[in-house]
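Let us walk through this model together, from a single chain to the contacts between chains and then to some local details. Please keep the sequence and the structure open beside you as you read.

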Protein chains: 4
Amino acid sequence: MSDGLKEHCGVFGIWGHAEASHLTYLGLHALQHRGQEAAGIVAGDGEVLRAHRGVGLVADVFDAASLASLSGDRAIGHVRYSTAGPSALANAQPLPFNYARGPLALAHNGNLVNADELKDDLDEQGAIFQTPSDTEVIGHLIAQERGGELPDRIVRALGRVSGAYSLLFLARDQLIGARDPLGFRPLVIGKLGIGYVLASETCALDLIDAEYLCEVEPGELVIVSARGLERRRFAQERRGGRCVFEHIYFARPDTLLFGQGVHEVRKRLGRELARERPAEADVVVPVPDSGVPAAIGFAEAQGIPFDLGLSRSHYVGRTFIEPSQSIRHFGVRVKLSAVRESLRGKRVVVVDDSLVRGTTSRKIVAMLRAAGATEVHLRISAPPTLFPCHFGIDTPTRQELIASSHPVEEIARFVGADSLGYLSLDGIYRALGRERDGYCDACFSGDYLVALPDPARGVRPLRILGS
Amino acid sequence: MSDGLKEHCGVFGIWGHAEASHLTYLGLHALQHRGQEAAGIVAGDGEVLRAHRGVGLVADVFDAASLASLSGDRAIGHVRYSTAGPSALANAQPLPFNYARGPLALAHNGNLVNADELKDDLDEQGAIFQTPSDTEVIGHLIAQERGGELPDRIVRALGRVSGAYSLLFLARDQLIGARDPLGFRPLVIGKLGIGYVLASETCALDLIDAEYLCEVEPGELVIVSARGLERRRFAQERRGGRCVFEHIYFARPDTLLFGQGVHEVRKRLGRELARERPAEADVVVPVPDSGVPAAIGFAEAQGIPFDLGLSRSHYVGRTFIEPSQSIRHFGVRVKLSAVRESLRGKRVVVVDDSLVRGTTSRKIVAMLRAAGATEVHLRISAPPTLFPCHFGIDTPTRQELIASSHPVEEIARFVGADSLGYLSLDGIYRALGRERDGYCDACFSGDYLVALPDPARGVRPLRILGS
Amino acid sequence: MSDGLKEHCGVFGIWGHAEASHLTYLGLHALQHRGQEAAGIVAGDGEVLRAHRGVGLVADVFDAASLASLSGDRAIGHVRYSTAGPSALANAQPLPFNYARGPLALAHNGNLVNADELKDDLDEQGAIFQTPSDTEVIGHLIAQERGGELPDRIVRALGRVSGAYSLLFLARDQLIGARDPLGFRPLVIGKLGIGYVLASETCALDLIDAEYLCEVEPGELVIVSARGLERRRFAQERRGGRCVFEHIYFARPDTLLFGQGVHEVRKRLGRELARERPAEADVVVPVPDSGVPAAIGFAEAQGIPFDLGLSRSHYVGRTFIEPSQSIRHFGVRVKLSAVRESLRGKRVVVVDDSLVRGTTSRKIVAMLRAAGATEVHLRISAPPTLFPCHFGIDTPTRQELIASSHPVEEIARFVGADSLGYLSLDGIYRALGRERDGYCDACFSGDYLVALPDPARGVRPLRILGS
Amino acid sequence: MSDGLKEHCGVFGIWGHAEASHLTYLGLHALQHRGQEAAGIVAGDGEVLRAHRGVGLVADVFDAASLASLSGDRAIGHVRYSTAGPSALANAQPLPFNYARGPLALAHNGNLVNADELKDDLDEQGAIFQTPSDTEVIGHLIAQERGGELPDRIVRALGRVSGAYSLLFLARDQLIGARDPLGFRPLVIGKLGIGYVLASETCALDLIDAEYLCEVEPGELVIVSARGLERRRFAQERRGGRCVFEHIYFARPDTLLFGQGVHEVRKRLGRELARERPAEADVVVPVPDSGVPAAIGFAEAQGIPFDLGLSRSHYVGRTFIEPSQSIRHFGVRVKLSAVRESLRGKRVVVVDDSLVRGTTSRKIVAMLRAAGATEVHLRISAPPTLFPCHFGIDTPTRQELIASSHPVEEIARFVGADSLGYLSLDGIYRALGRERDGYCDACFSGDYLVALPDPARGVRPLRILGS
């Protein structure tokens, strides 16, 4: 229900399985929460790469015929949150292309902070850009390297980019994964039979019965080929920059993220939140589904009953037709409904994982009150979101982040809550049981671990729309 | 996750609102859980009825253009679980037709037990049947009545039918609701501005901000017209026959069903279950989403922690492409995944609301064990399902109902649970706080409240397929 | 290019072929010119009838899967010009239904003049109408007959209807064809292997290599069953009422219509036209494609060169998007274009088969002049269309028929031709080499061979729209 | 009906019209015969280029919404015969990209003979190829030029390519057309209001009421911008290499091709054919539609009556479902049918414009005989097709060209004709009234006017399939 933060992408790759594209399809399904607007698979048979990409959910983009056409025992796939509108298809990944060494396909999760700069350089060298994506920049850098095997080219190309990337490459004879030196986005290695799997999250391994081996380390290249799996460090891991928001909201609850169970961490966030911002109340209700574990933790820590006072519809698509006449809170109401008996006459703690613009929280608080709650105490299992992300999360501008311009009491007033409590940054790291040093929390702290482009240089305008 | 029981239908009607068809669309969306395979709306403007029906979810069947074409301030709608395959469209409702008194549309939730008999009679009188549905039978009966206004014709027609029906009728000048004398299926009345709403469940009223007034009583006709709302009893309510399974599984948690909150009742079912069938365990996990309230109740009653040890995907459609190579438990795994940290090394109570064929439970138990559960105790918040339903629920045949041929211990063995416990019939009524007398529990008890057709007469074969 | 006259329907039936539905699909394709807006097939296997109907061209409505589902060795099919808009699907035929004697499907080409009267009667008897079509009326009449085998029921039912009908019936054990006593619409019998074919035109027989046997006679019932083919007269053929417009425009050029080759007759119409309305000119050009044979005949008779001065596009669909800014004659220009070299500096005779509203002819004349024609003489291979058809052709109202209110010279002025000449009624019968007595020419003469309904009674309004 | 030769593409561009994309849509419709498998438009508003491309006919690819999104007063469009299968979309043009000087879109009709060589060079320089098309090569060459305005870059880039090209370029501030020095493919200039139009054929100008000015000369660049129209020669026209097959078959009859009316030339081809290869016969029938003008000319020259003995269906799509059981000549029969009365008992001359594999001609001859023709004399208004085209026409391999391995008598025997006569090369130039020197007739003569790549170098394999 987060009103504004969206993961950009998820990636999946497999090597050495007769049903490679089919398992990629399943893996992408498990990663669907990381991107719902476009999906694609590129499969290889040692000679040719075959691609199928489309706009929509994984189950919509692929059918039996398109999967059957993606023959071969190796494949990579991608789901993305894409620019809506006419360019959605042009943005779909993996990006397949041919260069001097043959065919290559790229799938990218993350965001390069120096992409515009690199594009300007490439312009100078006569490159043409057919998509608006950063991924094509990486393709050009690899192609422009003078000589060397693919892993060397990739290493040199990555030496020029800055920012967040968990990348998969599929060539004729190898599957390669790479993760930026700070390790912003997750990327894990699994084993399935005689082959290997690379995926954004472990939940994709579980679905296909692959065994989780370990993370691709920040600054590491993983090369899967007929020679098996090789690991190669291409950059020193500085302090880590793992995204804390993956823990708080993005990753799937059953994923083992950066070595910790997501659901478990979220319950601990709820417990910390209860310690920091307790409330006198009769019931703790989550904003489903992502608020559930924190609410369970909160309820346990405070000894208040937990209940599903908000019920979530299973049938919400994106194309719901709005009635022309206003119905109060309509938008949120097709997704959520209040369970009156769990709320009526009660002091309610409602737990959510983020509060971005505040508009959704406002509707939820009103819905709880309309259902009879006598008090509503909103608790957020994260600190106030104050800064935009430059490392792969689609965030509103600072102006739209309500916490960046309003004190907590004003936000509480705006959303209509009797009290509003955020978890502190320290609380997060207590819940994680880890040092802050390994993580990126720039959206809360403004501490960007990579130099951002000079705002004075402006943004390279988009000159081509559509596909 | 119930592997075999499906509600047949949901109905919605509105009178006296400028956006009648749009609100019907919303109402059907709220009732989507009652039927996912076809949907339709018939709207009226006082002169003409306009219909749009299709196969699929409400959000797929309608778009802005089709809703705009359904002009007028009155409408009825229908969602249905329909025979899959070529006849899905022919089965879609509401059924509009023209007869001596003008146009009329019918929407039906329920099942007539004497439909075949009535069809034979109608055959004799020269009727033609263009659909396989019971609803067309009611249409014929109304049209064949000699004279009388529509409500009288309906009353006389309903005098000839036997079984379960919550019916809506839309004529040029009136909207009529009717509920069978035993009241098997729910049907409620709401008020919206100057108009009225009739709907299968109160959740449909809530979505559009209509005020809940009361149930349509069993054996009652409700007539909405320019003269306002009139209520007319057409049959004595015998003992009630409200479907207990609506409480246990079908109705939406936020619905006020037969006067009681669904979610609350389900929590009480969980508490009774804990009392009748306690288990020594470390954690109580529900089979999401329908098992959640009973699991909360169970956990509270036993004082064991509740946790979401099974996570449910939001992206499951019906057309998922199966991999050709077997993956263990694949089918259930795209829907559910185990949260290892909540399960590993623990004795787990898993709570579901029904166990029909046993195949799904078996996969879930295996999944819990694979995630590290040391013991798995399966608890069902209902008695064993022993008999098929003839009153509007699609049930497997007796042969397929595992409990009808196997004792509990064998079922436990089949599903792989360390223990299996059902709630008793008495437990249900204790949870409801009501006498059994007002309810139908034939699927558990075999006590059918309406005489079933003589099995010797056979079933009237379906002679036309497709549309 | 006729701007206003449209054939209503075409029918095809086959008995005794393993690929019955596939051959019906081909037969309907050959009859596609008789109806482009909806198509359907009902196939039988001796037990069950299976139906598939849809909106669009035959090639769009059916795919390999839907054809494969239509199993059995007998089938009937239908193409129709259907009311556009939401009721298109409700109008699609064949109409399958179940009645006392089992399943039955009807496909109808024609129009009943007493349908409204019959509907009123049926209303009285309690019938319900689910479609707006005359075909459903015939279904009711058959079902309401007391006793008797299907052929007897059909004969009695047809005794009550008046107007034009070439009908096909498919029951479990027989395929029946019937043609009204005046024989307005064509219907022929063919032989294919051990089976039989009934079709609107012989071109459908040719496509599937069936042998043409003869026409179904006016007033005749043809029954195909396990006993072979039986023919039974159910009404005396009065004078015939074969539609002359089928010869002039509707039927396909390669069809043998009412015993005469369509293309050949049209050439003779052109020759008669040249005799009656010669023109001093340098070239004769047809309005393609339907005007081609008459133009060939005209050119031969006058000894003027024939040329394709107007070229027709192969890619014209119905959904062409109009530019918002006016382009002169745009509408006709996407279909037709002028070949300058064949026209420039020449006196041109342009031959068309009808002139209904005059707007299309006007655009064509302007196009010819723009291409350099010095004179344009328009010749129509038919008399002025003065009266609407009540027997199965969709005609504009009298007000829209330009010839019904304007003398020839004014029409010539309106369309911009230097001269305008129609063929006389006598000329038609000279070209046919037949007596007028066997034909219906009501659209030219106003001599309706069947009593029309009293205009005072008005038209039964359509009360249900959509599907 | 030509069984094997397909034009590759058609292009259309417009500058200075408020409805630029809509007129492009119409223009592409007029050029639809040049490519039926993919279509696209790129429109510009001075800042941004907007693209919409898709697989299918023009009328299928675009709808009102997509046209409306293509805002701006300048646009280029493309229709293409595309590799069927998964790469159809990747092949769709125009190809839009961004390079150092901003956005640019290319539309190409033709074929480069040194594309593979250039790709190898570009590989060396680090280019990446995202499509299999030659067009992308040209894009790279333009981008890699050091400095200079777009026209200069284009001129230098075209200096490196060899083969056939009629090219359109759309940049922010100019529309550019270019034609190769031999002028293989047509490209014409038109005037519409204050703006200009560039198109493959004049028929596209006629449809939108644009005035034909002249051809883009071989070796000429035409630049349309705010400064009006500039023409610039970038290569000396050697002898011309205009494609004679455009005259014989590809161009639309109403087009003014290379300065001559297509329909008129084809009639003259027929006349020459009659002189070279007369036949004693009773009727001359064309293979419609492309054989019609030659048949008219043949009939006139020999004084034999012309008739439409073969009728062509208007409803033939590409997805017709074949019956599993063989029906003789089925494939051709859904497209063509014989008009018996025009053929029975007659000696028939049938005129077609090409005979490639011979299989279609064989079916047609059989169809004519089955309709009663006593003799069938096949006349082809072109010489035997002996060599593949390398300049933009999709031809079978030499092995599949029946004439390249069989003498005329054997071909006559294969197709079942009593006699077979081709037009001579001399006859073509007599009909054109031109010297052979200005034309390419390599498909007949093997005289390729541009050096072909060394066959020893092999073909660069396609490494990426799909999109």
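**From one chain to its neighbours**

Chain A holds 17 helices and 26 strands, where helices (H or I, at least four residues) and strands (E, at least two) are DSSP runs numbered from the N terminus. Its radius of gyration is 23 Å, close to the 23 Å that the globule rule gives for 467 residues, so chain A is as compact as a globular protein of that length. Here the radius is taken over C-alpha atoms, and the globule rule is 2.2 Å times the number of residues to the power 0.38. Along the principal axes, the C-alpha atoms of chain A fill a box of roughly 70 × 50 × 50 Å.

A word on what you are looking at: this is a predicted model, in which local features need pLDDT of at least 70 and side-chain atom pairs count only at pLDDT 80 or more, while totals for chains, interfaces and linings use all residues. Residues are numbered from 1 along each chain as its sequence is written, and chains are lettered from A and ligands numbered from 1 in the order in which they are written.

Now turn to the partner of chain A. In the contact between the two chains, 51 residues of chain A meet 50 residues of chain B; two residues are in contact if their C-beta atoms, placed from the backbone, lie within 7 Å. On the side of chain A that touches chain B, at least two residues each come from helix 1 (20-30), helix 3 (64-69), helix 8 (202-207), helix 10 (262-276), helix 11 (292-302), strand 20 (336-338) and helix 13 (340-343) of chain A. Helix 1 of chain A has the largest share, five residues. By class, this side of chain A has 26 nonpolar, twelve polar and 13 charged residues. In this scheme Ala, Val, Leu, Ile, Met, Phe, Trp, Tyr, Cys and Pro count as nonpolar, Asp, Glu, Lys and Arg as charged, and the others, Gly among them, as polar.

How are chain A and chain B superposed? A rotation of 180 degrees with 0.0 Å of shift along its axis does it, with an RMSD of 0.1 Å. The two copies are thus related as by a two-fold rotation axis. Of the residues of chain A, His314(A) comes closest to the rotation axis, at 3.5 Å (C-alpha). Both copies use the same surface, as 98% of the contact residues of chain A recur in chain B.

Chains C and D also meet, with 50 residues from chain D and 50 residues from chain C in the contact. Helix 1 of chain D gives the most to the side of chain D that touches chain C, with five residues. That side divides into 26 nonpolar, twelve polar and twelve charged residues. By contrast, no contact joins chain A and chain C, whose closest C-alpha atoms lie 14 Å apart. Chain B and chain D do not touch either, and their nearest C-alpha atoms are 14 Å apart.

Finally, some backbone details. The peptide bond between Gln93(A) and Pro94(A) is cis, with omega about -5 degrees, and Pro94(A) sits in the loop between helix 4 (88-91) and strand 6 (95-99) of chain A. In chain D, the bond from Gln93(D) to Pro94(D) is cis, with omega near 0 degrees.

Key
Copies are superposed by least squares on the C-alpha atoms of residues with pLDDT of at least 70 in both.
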